[in-house]
Amino acid sequence: MNAKLILLVSLIIPFMKKSTSITAIEMDETDSNGLTRNQWLDLFQTFSARLVLEVFGATGAIWGFSEALGLRTDETNYFWRPFALSFGVIFFIRWCLQIGSFLIETKQSNKLNTVDEVHVNSDDIETKELLNPNKKLYI
């Protein structure tokens, strides 16, 4: 048991630590999905906890509370099992939608934070208009 636990922890820890061997530029580079390595790590950590707490927790809450109230007995398990699982499915769909929203918001945030290097001539009239803080820009 202890050997399996040590092996599991030794496999997980490298993915949880932020590697110091990767430069800041490499950490900020996005992959083909538009997310950085740190954002994927945040997504995994956040939504794996939410899966356990919100999805499995909702299913277990229905199952356990029905027993605590005395509604679920050996004779009524046939009813409560699909009832609890249906809540699990509803919360699983909600969890998937939350992941989708997280991905969309993160990709949009990455696009807004991306700055291309542009060399401008400050004497140029158009550049002065763009650099004018009082002018509203619509992109």
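**Close-up views of a predicted model**

**View 1. Arg72 and the ring of Trp63.** Arg72 sits over the face of Trp63, 3.7 Å from the ring centre. A charge counts as over a ring if NZ of Lys or CZ of Arg is within 6 Å of the ring centre and within 35 degrees of the ring normal. This is a predicted model, in which local features need pLDDT of at least 70 and side-chain atom pairs count only at pLDDT 80 or more, while totals for chains, interfaces and linings use all residues. Residues are numbered from 1 along each chain as its sequence is written, and side-chain values use heavy atoms, with hydrogens and water left out.

**View 2. Aromatic cluster of Phe79, Trp80, Phe83 and Phe87.** The structure holds 6 aromatic pairs (ring centres within 6.5 Å, taking the six-membered ring of Trp; planes under 30 degrees apart are stacked, over 60 edge-to-face, the rest tilted). The rings of Phe79 and Trp80 have centres 5.1 Å apart and planes at 80°, so this pair is edge-to-face. Phe79 and Phe83 have ring centres 5.6 Å apart and planes at 20°, so they are stacked. These two residues are 4 residues apart in helix H4, about one helical turn.

View 3. Trp80 is buried at 13% relative accessibility (buried is under 20% relative accessible area, exposed over 50%, partly exposed in between, with a 1.4 Å probe and protein chains only). Phe79, at 42%, and Phe83, at 32%, are partly exposed.
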